[in-house]
Amino acid sequence: MTTPWDDWNHVLKLDPDKELPEGVTYGDLCATGTDAIEVGGTMGITEENMSAVIEACAEHDVALYQEPSNPEVVLEDDALDGYLIPTVFNAGSPFWITEAHKEWVRLEGDLDWERTTTEAYIVLNPEADVAELTEANCDLGADDVAAYATVAEHMFGQEIVYVEYSGTLGDEGVVQAAGEATDQSTLFYGGGIHDYDSAYSMAQYADVVVVGDLAHEEGIEAVRETVEAANDA
Ligand SMILES: CC(C)=CCC/C(C)=C/CC/C(C)=C/CC/C(C)=C/COP(=O)(O)OP(=O)(O)O
Ligand SMILES: O=P(O)(O)OC[C@@H](O)CO
Ligand SMILES: [Mg+2]
């Protein structure tokens, strides 16, 4: 089976709760050469701020995905190529593994399965909002992370395994171990990528690097450098 993310090297994650740097537009960010835009964040996400960002990106020629942090903010919008739904494998509460998903299905009934894919998150920065919210056990070694990645691929059939260090650059050895553990699944890495070298270092091991805060803090040139590195690695 081929999936869109098989061909991706770089994803730009835009947080609807954060501003863009002065003079930067969503159109500029869509034109950085990134393979896809993912719209999402942990805190402060509403239907209103989600749809504003999705609308702003929809008019540009780039793959566009929503990454909802809870069922209430999922938008039905034809401009979206799909929905990337997190499930946090190392969450402290089952709510973030399967319960939120069960509630979503219970309330919505028949979902748009063709356009819906889960991302098997392994959350590793204990300081990140996402770690706090999901009460993730971040005290994991490279062997634990590799084993989670194997479970995600072989036991749960996950198309995407996501090593998440949101806010800080992760441990290369951990990402390498996850890379070696995954074969069929596409490995996403996100967290702290801020320039060519940091993007390159993680893109050696991950199939796709995800760049988030840099877009909100630095702008176009910085993001372009990370796209170049992801494509070079
Ligand atoms: C079932 C549905 C539709 C949704 C549930 C989805 C789940 C399980 C979400 C839990 C994990 C989560 C909140 C993911 C959101 C994406 C993410 C990790 C964003 C990064 O957020 P941070 O960087 O930690 O937070 P900020 O928003 O503060 O930047
Ligand atoms: O914001 P940063 O640290 O780049 O992290 C990207 C992404 O993995 C967050 O979900
Ligand atoms: Mg963030």
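Helix H3 is followed by Gly 109, whose phi is positive, near 80°; helices (H or I, at least four residues) and strands (E, at least two) are DSSP runs numbered from the N terminus. This is a predicted model, in which local features need pLDDT of at least 70, side-chain atom pairs count only at pLDDT 80 or more, and totals for chains, interfaces and linings use all residues. Residues are numbered from 1 along each chain as its sequence is written, while chains are lettered from A and ligands numbered from 1 in the order in which they are written.

**Helix H3**
- Of the 10 residues of H3 (residues 99-108), 1 is buried, so the helix lies largely in the open. Buried means 20 or more other C-beta atoms within 10 Å of a residue's own, exposed means 12 or fewer, and partly exposed lies in between, with C-beta atoms placed from the backbone.

**Positions listed by UniProt**
- An unreviewed UniProt entry lists Asp 15 and Thr 42 under "binding site"; such annotations may be inferred rather than shown by experiment.
- These positions span 28 residues in sequence, yet no two of their C-alpha atoms are more than 8.5 Å apart, so they gather at one spot.
- Asp 15, in the loop between strand E1 (10-14) and helix H1 (26-30), counts as buried because it has 21 C-beta neighbours inside 10 Å.
- Thr 42, in the loop between strand E2 (36-39) and helix H2 (47-58), counts as partly exposed because it has 18 such neighbours inside 10 Å.

**Ligand 2**
- Ligand 2 is surrounded by 13 residues, each with its C-beta atom, placed from the backbone, within 6 Å of the ligand.
- The elements that give two or more residues to this shell are strand E8 (208-211) and helix H8 (213-217).
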